[in-house]
Each structure stands twice: as structure tokens, then as C-alpha cells.
Amino acid sequence: MASSAANVAPVESNGSTAGKRYAETPLRKDEESRGSYRFKNKRMRNGHGGGGGSQILQTNGSNEEILLDDVNALLQKLKLERNEAAQPPTELPEKFSEIEVRIDEISSTGDGLGFQVNSPSDQVYVVPFTAPGDTVTAKVFKHLDKEKYSLADFVKVTTPSPHRDDALIGCPYFATCSGCQFQMLPYAYQLAHKKTIVEKAYRNFSNLPPELIPAIGDTIGSPLQYGYRTKLTPHFDGPPDARRSDGRNGIKRVFKDMPAIGFMKKGTRLTLDIEDCPIGTPAVRKGLARERKRVTSNLTQYHKGATLLLRESTERIPKASYSASQEVEAEPDADAIIEERGDYIYKKTCITDSNAKSTEYIDSLLLPKQQLHPPALHTIHPRAHPAAPVLPPSPTTTPPITHLIDAYSGSGLFTITLSTLFTTSLGIDISPSSITCAATNASLNALPPSSTRFLAADASALFAAISTPAAQTVVVIDPPRKGCDASFLRQLLLYAPARVVYVSCNVHTQARDVGVLVGGMPDVDGGWGVGKGCYEIERVTGFDFFPQTGHVEGVAVLRRKGDGGEKDGDGTAAEKEVEKEAEKEVEKEAEKEAEKAGG
Ligand SMILES: C[S@@+](CC[C@H](N)C(=O)[O-])C[C@H]1O[C@@H](n2cnc3c(N)ncnc32)[C@H](O)[C@@H]1O
């Protein structure tokens, strides 16, 4: 078997010579990694650059920003409904007083938004764990006067919404723990709400005129609505008298009482003691019970707080050898969850060692993961099939798409699950340890390093290393919440692959970035929000990887204008020549690597 390192091609700052024409001049120092765009003037910054809309283009996708946007939209709606100008200011209720709030809608942040009952005030109240149509008692704890909203704790429902069904609530910590705020909503309602999150994100943050945004698809639901989460990280705080300086001063405090072990109490910095978490997989829930016991029995060894890492790991054993292996096991793992599927037994256990690797199977593919890998959504919820959103979008494309680039690849989930569909696959991630893990995964799954390669580098360095013809390449992007930076997007527009599949856990920054690819960039193609970019949106769909919560994963499929054809007509003969040369270059490199791996 080829060594795992054979899949890794370290990139130097200037990259290889192949495909260099796609790489841009490096950004100035102050422009690097800003996660925002270079604006020529204030007009563009405010989204007026090309007449493409009046929204401010930039969003950092933060909860505060999204909440404020929803509050403003609700105020605008109220003003129109009342057919009047803004209300004269009325006195706001005292802090920590209880008021009645009628909920109008759920914000994209997951909290209910509504107005005080029997009050002329147009102050918006943000109350978690509520549904549109509920009237609730809420305890106000913060007024944001300028922003015209107040934050309040949910106390109780006084008149339930027709959408609410409390019999559905599956967790005793509901409305106290800060997670899973949608448990009282039927699943179909949760999915419909998540579709509106995606719709609003594209309407408000893409800076595109409505005719360039297709109808958002129905949210794809999760097969499991509880028991899906393969990773949990409960924590406990240090002894009440512990100080930051203790370590420096050599002081070791002791716990006098058992600390709460669990998750944040909603709206506070306090830890809520959680004995069980029903969104965890059965193996992880058993792990939680075991870890709680272990901490209790070893409490004297702890002098400060800690986070417990609970991860599910799967071992796949052929049925024929399972009973035999059980007999020889000195200490059978009593906590293991055994699942029978086809010819195999899947043995699931919970691992807690932060240096150990967990393993999971996607169909028949084996994916060991390293603990340090950031928790990509599908790695936390593997049952939502990760390959589904990025399967080649159009088999009829001419010429056919035969090359895959997986930008922000992590430990290679998309590269590996999709690589057999392509002639070459290339994954790139900034984390060297994730890339080493990806290369190991490729080897374990017998994917040859000549066709499945990985680079440890910033995603924008990718374009200096690309040698596959753009017309036959799909680029999958799965960046962190903050989205892509300007350098990456600019180079992507210059390279112009036939398809871009943008996967994201933050549909707001995704909408912003897709807006740039579709709307254009002033310094690439003179466009700004008017569809001068070389892409059109084929489809946008939300995937529900986290049922009961307000999160939605967005997948946008973009098609190069002319449907998989060339950027400008069929491309010039000179361009084709360059592409042929580039292809030869890849083949040569692949041969060299194959030789190295063999030797
Ligand atoms: C949402 S995760 C994607 C995970 C991957 N698709 C998977 O399924 O395992 C985002 C990834 O982006 C990587 N990343 C963050 N900033 C980056 C950058 N500037 N260039 C390349 N990768 C980056 C992180 O290391 C992380 O692996």
C-alpha cells in the first residue's frame, strides 16, 4: 500500500508552475485573510456599485448581525401594518420584570421575536423557546435601546401557538439548557422554518437582484431527529474559589462539592448539570454517563474546570468473525452498541482520549478522524450523507466534469467519498494535521496517490497549483463559518471551473460569497451585484444536520454561464493549447508520484 505521505503535495508560496495563469498577484499585507472584500469606494461598500440592490454586502454572519436584521425587518412590517410612522418612545419595562409577549416569528438565530401585549411600544422582545402565535411570560434582562430590541428569558406559555406541541419535547432540560430550542415544533415545521432562513439569507445578504436567485429548495430532513450527534463536549467549572492565577502561584484548590457537569444554562455563563443528552447517539450517551461517574470518583484529582470530549467511534467486523472475536476478547466492552447491517457488525463505542482517532464509515468507506480536526457538521452527524449534496450536478455537461477540487477539505471527507467519480481529486486544507489524516484516509481506502492528492495550504494558494481544465472541473467549497476571503473568490472567478458546489454551516456568509461569484467583482469582470460574475445559481438547498436546533447547512450549486461550457464561448485555441499542456503536466506529476510511492 502506498504510504500516506505520498498523497500530500506540500505547496510552496508560489506553488507549482502548472496552471499559474489562474493565480493572482498576492494581496497587500493588510488585505490578507480579512475574510472581506476590497471595495473601490464607499458606494460599492454600501451595495450600490452596480445597481444590484441596496443591502450592505458585507456580513460577518454573526448572530448579533442576523438578529438585528430580523428585528429591523419585523419593525418595518409592523410600521406598514399600522400604516404609521415610528411610535413615540414609550418607557421600557424595568429590568428583571415579567411581561407578556406575543410572538410573531422565529428569527434566523432560533429565538422568538414579538411585541409586548397591550402596549403601544414598538420595542421587539427576543424570547427563546417560543413559536409564532405563542403568548408567553418573559423576564426582560437587557434593553438595547438604539437597536430597538430587548432580550428576555422564557418563563412560561400563557396561550400556546397552534404550531406548538409540547408532547414532542424529548429532553428534560428543554428551555433551561441553551441547546435544541425547537423541540416543541413538529419536524415538518422545523424544516419549513429552516427553508426561510436560507431564503432570507440570500434575499438580504447576497446583494443579488431577486431574478438571479432561484426558488430555494425544500430543506432535506435528517433520518434521525434525536440520537444523531456523534460528538458531545460537556464541561465543568473549577472549584468556586479557583482563580486564574492559581497555576502560576502553584495553588491547588479542591472541590468541596460535586460540580455541575453539562452545558450552558440559557442566557447565563453557568453550567447546567446534564445527566443525559437525547440528541447524542446511544454510544455517546453511554459515554456521558460513564464519564460523569469517572469524574465523580476522581474528583480529588481535579483542581480546575475541564471539558470532556465524547466521540463515537465505529469498528466494522464481518459477521462471520464477530462471535469468534467476542470470545477471545478478554474484556468485552459492555458499553458498546452493536448494530447489524448486511454482512457486517458495526460496533460503536465512545472514546474520550483526545489523542485517539475515531473511525466512522460512510457507506463502505472508512474514515478515521483525528481529534484535532474541527467538527465539520457531517462528521458530527454522519447519517446525513455527506456526498449527496455534491454529486456531479449534471451528467450531461459537455465536456464532462472529470476533476474534483475539494477546497477546505479537512480530513478529506468529500475528496474521498467522491473520488471514484472523477479522474483526479485534489483536497486542500490549511491544517497540516487534517491533511496528513486525509492522506492516510485515502491510502486506507486504496485510493491511488496519482489521482487523489492533498495539499496543506491556505485555500487561496490552490490556484497556483491547479492544472486541470476549468471546463472539466468542479470545485467544492466547505469553508469555516466566516466563509471565503476575497483572494480566494477573486481567483476562483479567474479560474472559472464549470461547477462550484458551496457547502456551508453559515448560510449568511455563503449567500454573501455566492453573491460575489454570481454578481461579479469590480476588479475581475467589472460587475458588482448585477450578474456580471461568470456563474448562475443552479440550486440552493438547506440540509438539516442538527434537528431540534436553529442550525441549517446550505448547499449552493453554481453553473458557469453557458452550462458547463467555457467562460467566453468555446475558449480560444490558445486557451485550449494551454489546457492541454496543463493536463500533460498533471499526468507527468502523477507518474512521478506513482513511481515514488512504488519505490
Ligand atoms: C467546515 S470545515 C470543512 C471540513 C471538511 N469539508 C470535512 O468534511 O471534513 C472547514 C475547514 O476549513 C479549514 N480552513 C480554515 N481556514 C482555511 C483556509 N484559509 N484555507 C484552507 N482551509 C482552511 C479548516 O481547517 C477546516 O478543516
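**Close-up views of a predicted model**

**View 1. Domains of the chain.** The domain assignment divides the chain into domain 1 (4-37 + 206-222 + 394-598), domain 2 (63-164) and domain 3 (231-320 + 333-369); such bounds come from an automatic or database domain assignment. The centres of domain 2 and domain 3, taken over C-alpha atoms, are 37 Å apart. The model is predicted: local features need pLDDT of at least 70, side-chain atom pairs count only at pLDDT 80 or more, and totals for chains, interfaces and linings use all residues. Residues are numbered from 1 along each chain as its sequence is written.

View 2. Leu404 has Ser425 of β17 as its bridge partner, while Ile405 has Val475 of β19.

**View 3. The annotated binding site.** An unreviewed UniProt entry places the feature "binding site" at Tyr408, Asp429 and Asp478; UniProt positions are given in the numbering used here, feature names are shortened, and annotations may be inferred rather than shown by experiment. These residues are spread over 71 residues of sequence but cluster in space, with a largest C-alpha distance of 10.1 Å. Tyr408 is in the loop between β16 and α8, and counts as buried because 23 other C-beta atoms lie within 10 Å. Contacts of Tyr408 (C-beta atoms, placed from the backbone, within 7 Å) include Asp429 and Asp478, not counting residues up to four places away in sequence. Asp478 is in the loop between β19 and α11 (486-495), and is buried, with 25 C-beta neighbours inside 10 Å. Beyond four places in sequence, Asp478 contacts Tyr408, Phe414 and Val503.

**View 4. The annotated active site.** For "active site", the unreviewed UniProt entry lists Cys505. Cys505 is in the loop between β20 (499-504) and α12 (507-519). Cys505 is buried because 21 other C-beta atoms lie within 10 Å.

Conventions
Helices (H or I, at least four residues) and strands (E, at least two) are DSSP runs, numbered from the N terminus. A residue is buried if 20 or more other C-beta atoms lie within 10 Å of its own, exposed if 12 or fewer, and partly exposed in between; C-beta atoms are placed from the backbone. Two strands pair if DSSP finds at least two bridges between them. Two residues are in contact if their C-beta atoms, placed from the backbone, lie within 7 Å.
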